[in-house]
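I am opening a notebook on a structure I have not looked at before. I will jot down what I look up, entry by entry.

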Amino acid sequence: MANILVVDDELGIRDLLSEILNDEGHAVELAENAAQARNARANGAYDLVLLDIWMPDTDGVTLLKEWAASGTLTMPVIMMSGHATIDTAVEATRIGAHAFLEKPITLQKLLKAVEQGLQRGTLKAPAPVPAPLRPSASPPAGAPAAAVVDAVPAASMGGSPVGEPAANSVPMRPEAAGPRQHQLFDLDRPLREARDGFEKAYFEFHLQQEGGSMTRVAEKTGLERTHLYRKLRQLGVDLIRNKRNAA
């Protein structure tokens with residue numbers, strides 16, 4: 001998970017980028033102008049900044065110059081604009097911007113630029129020096145084992161809680177379910193409701209397994225990201241809650 005600052009004077013852009021990046025498992029902070037961005041940078045460290053060029057008080061290129069001159073341009077910065085010229089984009093790159101995104105920003109270009117920016121930031125960061133291992137080092141007695149993600153509770157599908165089988169419900173066969181054999185499916189419902197209940201549990205499980213990353217869930221389930229977003233909203237999957245559960 002990365003800590004990302006989004007700077008844009010348009011509320012709709014801020015909300016959209018925040019939603020997408022949150023769905024990817026990142027922590028996002030928002031600033032609507034250069035003054036708020038300066039304050040955020042002075043009080044926190046960021047792995048990446050998405051910075052709009054045209055803003056009412058101070059434009060993004062000027063703010064980028066300020067950070068470069070003060071030595072605080074220590075993170076990759078992706079510039080954004082719907083009206084910038086090639087000269088503006090070249091100047092921003094010369095100052096130290098990692099990339100330039102033209103508005104309206106497509107989902108694929110955004111995620112690719114963010115991924116590349118974070119990879120660049122990781123490569124620039126100094127690797128921590130590992131502490132020497134002690135021969136006698138061993139896990140303390142009684143230390144808990146790594147947590148294992150269990151099945152999604154049947155109650156989340158509108159069925160009965162685990163341990164309280166409802167009438168006309170059929171448990172998954174142990175040989176088919178493996179460690180998730182406790183999931184129950186209530187068959188005494190219309191087909192559409194039963195199918196939606198299964199799909200909701202299916203996607204919630206994969207969101208937990210993949211740490212809330214929409215990119216990995218899309219790859220795992222074989223769905224295009226835009227269709228996946230639409231499907232999750234249709235099923236009423238709480239992305240924020242599932243992300244917390246996966247953390």
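I began with helix H4 and its face turned away from the buried side: this face carries the exposed residues Ile86, Asp87, Val90 and Arg94. Exposed means over 50% relative accessible area, buried under 20%, and partly exposed in between, with a 1.4 Å probe and protein chains only. Helices (H or I, at least four residues) and strands (E, at least two) are DSSP runs, numbered from the N terminus.

A note on the source: this is a predicted model, where local features need pLDDT of at least 70, side-chain atom pairs count only at pLDDT 80 or more, and totals for chains, interfaces and linings use all residues. Residues are numbered from 1 along each chain as its sequence is written, and side-chain values use heavy atoms, with hydrogens and water left out.

Next I looked up the other face of H4. H4 spans residues 86-95, and Thr88, Ala89, Ala92 and Ile95 are buried in it. They lie on the same side of H4 because they cover an arc of only 125° around the axis. The arc is taken from the directions from the helix axis to the C-beta atoms. An α-helix has 3.6 residues a turn, so residues three or four places apart point the same way.

What do the buried residues of H4 pack against? I found helix H3 (60-70), S4 and S5; contact means heavy atoms within 4.5 Å. Just after H4, Gly96 takes a positive phi of about 145°.

I then turned to the sheet. It is open, with five strands in the order S2-S1-S3-S4-S5 and parallel pairing. Strands S2 (27-31) and S5 (99-102) are at the edges, each pairing on one side only. Two strands pair if DSSP finds at least two bridges between them. S4 (residues 77-81) and S5 pair over four bridges in the parallel sense. I checked Met79 and found Phe100 in S5 as its bridge partner.

Asn33 came next. I found it in the loop between S2 and helix H2 (34-43). Is Asn33 buried or exposed? Asn33 counts as buried because its relative accessible area is 17%. Its side chain reaches the backbone nitrogen of Ala35 at 3.2 Å. A polar atom of the Asn33 side chain also lies 2.8 Å from the backbone nitrogen of Gln36. Leaving out residues up to four places away in sequence, Asn33 touches Val7, Met55 and Asp57.

Key. A polar contact is a pair of N or O atoms within 3.5 Å; within protein, one must be able to donate a hydrogen and the other to accept it, and residues adjacent in sequence count only if both atoms are side-chain atoms.
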